[in-house]
Amino acid sequence: MTALNEMTIAAARDALGRGEITSVELTEACLAAVEGADALGAFVHKTPDRALEQARAADAGGAGALRGIPLGIKDLFCTSGVASQAASRILEGFRPAYESTVTRKLWEAGAVMLGKLNMDEFAMGSSTETGVYGATVNPWRAGDTALTAGGSSGGSAAAVAADLCLGAMGTDTGGSIRQPAALTGITGMKPTYGRCSRWGIVAFASSLDQAGPMARDVRDCAILLGAMAGHDPLDSTSVDMAVPDFEAALTGDIRGKTIGIPREYRVDGMPEAIDALWSRGREMLADAGARVVDVSLPHTAHALPAYYVIAPAEASSNLARYDGVRYGRRAALDQGDGITEMYEKTRAEGFGPEVRRRIMIGTYVLSAGFYDAYYNRARRVRTLIKRDFEEVFAQGVDAILTPTTPSAAFPLGSVAHADPVEMYLNDVFTVTVNLAGLPGISVPAGQDAAGLPLGLQLIGRPFEEGDLLNTAYALERAAGFVAKPARWW
Amino acid sequence: MLDLTYEPPAPKVIQGARDDWELVIGLEVHAQVASAAKLFSGASTLFGAEPNANVAFVDAGMPGMLPVINEGCVALAVKTGLGLKAAINLTSAFDRKNYFYPDLPQGYQISQLYHPIVGEGEVIVDMAPGIARRVRIERIHLEQDAGKSIHDMDPALSFVDLNRTGVALMEIVSRPDIRGPEEAAAYVLKLRQIMRYLGTCNGDMQNGNLRADVNVSVCRPGDYERYQESGDFAHLGTRCEIKNMNSTRFIQAAIEVEARRQIAILEDGGTVVQETRLFDPDKSETRSMRSKEEAHDYRYFPDPDLLPLEIEQAWVDDIATSLPELPDEKKARFVLDYGMTEYDADVLTAEVENAAYFEQVAQVSGDGKASANWVINELFGQLKKDDRDIGDSPLSAAQLGRIVALIRAGDISGKIAKDLFEIVYLEGGDPEAIVDERGMRQVTDTGAIEAAVDDVIAANPAQVEKARANPKLAGWFVGQVMKATGGKANPAAVNRIVQDRLGL
């Protein structure tokens, strides 16, 4: 029998429902796994007392969709009374007096919080090594080299992949759920922009950020999304739409669906393994009864530059509030230092180099004289990218299939000292989805020659996550990915 | 048609050492929206609370907090726009204005740079009866106020009070249509009056409820007309902006001082530098805050936390139907309906509460003109002496109305009425009952007056002779009779009987 902490959410839910296991047993199994996994650098603030308290409450009764299910939460979410510092030194000691809407909904659905998960500082990165806590290490290895779990939700991905929790919360601004999911062999979904409330999630780039589920399979993502989603009057950009039963949409029947293969995603230098996986994905969906067609998203090449203007622009403004005045860390000041020195010293020592780089880029592209050339042009590109997708969907395409990442997990440290643009290229297949506000999901679909997991991405129509999840479910069944990392930690 | 017609006032001319100069002035007025809650948070806007008592998480710029627009503030901005006969933009949007300061916790102010909620409108600024300036409004946008930094409580520390942070402001931007310091002050007061009528801003300038940034430039006579014809600002001088003034007295003084400073520079052959300046009322000078070269780059961009603000025409129409009568219309109606002077109408309509009080007096008394005199001369005089507002007048409009009605009916004389006014003002009570209880009713009984006249004539034969020779002296007899009757005799009746008995 599967160890408790290795169960899927659906299986655990059913076992709990039948009284075969208790949430306390399930939670204790996860806490033990967490305790034994410090080498992964996934959990950065552990909340065992709260977890057991919630587990006991779940065992006492209740009817929530996630009753008794232990989850991990990305450090970007504000969790009441629990350290929430977006992996940044500048938020050292910050314990919010409020709970983010998404996590509040999880607890209301009966979920159990195991703790907070590692990430890139302020979600800026693709390797979970830019944060104050140090790097997260991928449970998967090829030889002895420590690999990245991806980023920025690398802690969430590693925790799910290493069976430390049944599911985890991530956020995705340019691929931060899908890329780490792909690199760790799990399933991760970015819902349509506006599907989940952003209230209480530390903002990176407000027009792109979206919370999403990371779990072992598509069904678990559907269950989690159902609990997370919904209109929030506290977030003006959350959409007032009914939340359908996503799990009920999982029939696996995609006969008659049309899947688009965008030719612009075939980039130069794409590894053979990725290309082969993409072709297999295409065949699997065709075998399942879908019609697979080539489509064009002509402005794709401009997506990455536009993203790296818009996201830093918004971030430079969103991160202005971290000034050492009201909360978090304030630099020690010298005699005679004034307010300017307080800002400069606090922000210089509080932010890491990647965050500082993006604040400077964002400040530059918004400044007088450059605004039109960069920010406004990027916004126009964004409109064109959105239109590309609208046109493809208008042609009757139901979902678009692409690789999730241009490579398998890379060694830790390999991008830290490299040209930052190398790191940014990790987002090449995922940023378009954020720019267009669409739902996207990464499904583990194969392994490379070294045995490392690879993911395929499906992109759906806005607010049709049910349909997208069902297509992903069909792909998952066809791919039959069951590999697990060998435990080394 | 109730509109009164006006002539524009002459522009103010300042004589420099060599030339005559004219002033060109435009104002940005920041008016605090009279809403109970802030623009993007539910926190209270109540003035005078303990420091940092009215602060929501979003006001304090806590991580992950998001703004949500307060519909009430939008409605009040729309109402203000309608009151200024301005175009309402059904789609507007919020932008972030980025800068660092401890009283700005988010590190940006949410404002409306690119798409304001209210477009072009106008204000008629009355300068004298028949003289008014039409000032065009360019736009009104909604924005957040900042908090307050306090630097003088401790030698080493600064303190921040965030109670005001996030309170809704309307920035009302005028065209450069104002041509003198007095006009600028009158413009601010007129805006204040209109917004107080509308109930959209309390206009309490002392508490920073209404503040103005004033743009001043000078030009030679004729240049302004050339600008008007061509629309080309090149005909006008370089302007300086004097920031953050909260008194009309200072506004006037600052404009005067700044204009003279610019004139002195220009006549010396120098050039005026476009910059932001502060007015120091103690030294009566303006000082540079920062020059354009070191000006902030605010990096405005659309706030991604807020969707464009879409409102419906039907909603605007609903607000339009709820609009009260505004000062210009009310004043015109007072002149035309009550036959009062424009001056009196100005006084009575200055504050909406005064106008309402007057109208009740006029309704109860049935005599508008007399009511206007009594309200302006007697009541306002007394209230001013007692340092009271109309709101806490001890004399109700109904009471004053009945006093005026008693005069109108001939029940009391004007002189007695003043006594009665004082009694009711000080002691309260029903005017009719007081008149009866204290025997103040005017004697209109001809028999009684005739007897009194006869008595006076009989007692003063020498005066009778003089009066017959010089009819102007008949007034002396009237006075004696009034004295004898304790002022209660109807003076008209006394006059008629005296004339009759003296055979004049």
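Me: Which residue of chain B does Arg198(A) form a salt bridge with?
Reply: Arg198(A) forms a salt bridge with Asp305(B), and in this predicted model the closest N and O atoms of the pair are 3.2 Å apart.

Me: How many salt bridges are there between chain A and chain B?
Reply: The count between the two chains is one salt bridge, whereas 15 residue pairs are in polar contact between chain A and chain B, both residues being at pLDDT 80 or more.

Me: And which elements of chain A give two or more residues to the side that touches chain B?
Reply: Those elements are the helices α9 (303–318), α10 (339–350), α11 (353–366) and α12 (372–394) of chain A, and among the contributors to that side α9(A) gives the most, with five residues.

Me: What kinds of residues make up that side of chain A?
Reply: The residues on the side of chain A that touches chain B divide into 22 nonpolar, ten polar and seven charged.

Me: How much area do chain A and chain B bury between them?
Reply: The two chains bury about 2800 Å² between them, and 60% of that area is on carbon and sulfur atoms. In chain A, the residues that lose the most area to chain B are Tyr98(A), Ser236(A) and Arg321(A), which together account for 22% of what that side buries.

Me: Why give an area for an interface at all?
Reply: An area is given because the size of an interface is often stated as the accessible area lost when the parts come together.

Me: How many residues of each are in contact?
Reply: In chain A, 20 residues of domain 1 are in contact with 20 residues of domain 2, and the area buried between these domains is about 1800 Å², with carbon and sulfur atoms giving 62% of it.

Me: What about salt bridges across that interface, how many does the rule find?
Reply: Across the interface of domain 1 and domain 2 of chain A the rule finds one salt bridge. Glu92(A) and Arg329(A) also form a salt bridge, with their closest N and O atoms 2.9 Å apart.

Me: New topic: where does Thr402(A) lie?
Reply: Thr402(A) lies in strand β9 of chain A, which covers residues 399–403, and Thr402(A) counts as buried because its relative accessibility is 0%.

Me: Which residues is Thr402(A) in contact with, leaving aside its neighbours within four places in sequence?
Reply: With those neighbours left aside, Thr402(A) is in contact with Pro262(A), Tyr265(A), Trp278(A), Phe429(A), Leu456(A), Gln457(A) and Ile459(A).

Technical notes. Residues numbered from 1 in each chain as written. Chains lettered and ligands numbered in written order. Predicted model: local features only at pLDDT ≥ 70, side-chain atom pairs only at ≥ 80, totals over all residues. Heavy atoms only, no water. Helix = DSSP H or I, 4+ residues; strand = E, 2+ residues; numbered from the N terminus. Buried < 20%, exposed > 50% of the residue type's maximum accessible area, 1.4 Å probe, protein only. Contact = heavy atoms within 4.5 Å. Buried area = accessible area lost by both parts, 1.4 Å probe. Salt bridge = Lys/Arg side-chain N within 4 Å of Asp/Glu carboxyl O. Polar contact = N/O pair within 3.5 Å; in protein donor to acceptor, adjacent residues only side chain to side chain. Nonpolar A, V, L, I, M, F, W, Y, C, P; charged D, E, K, R; others polar.
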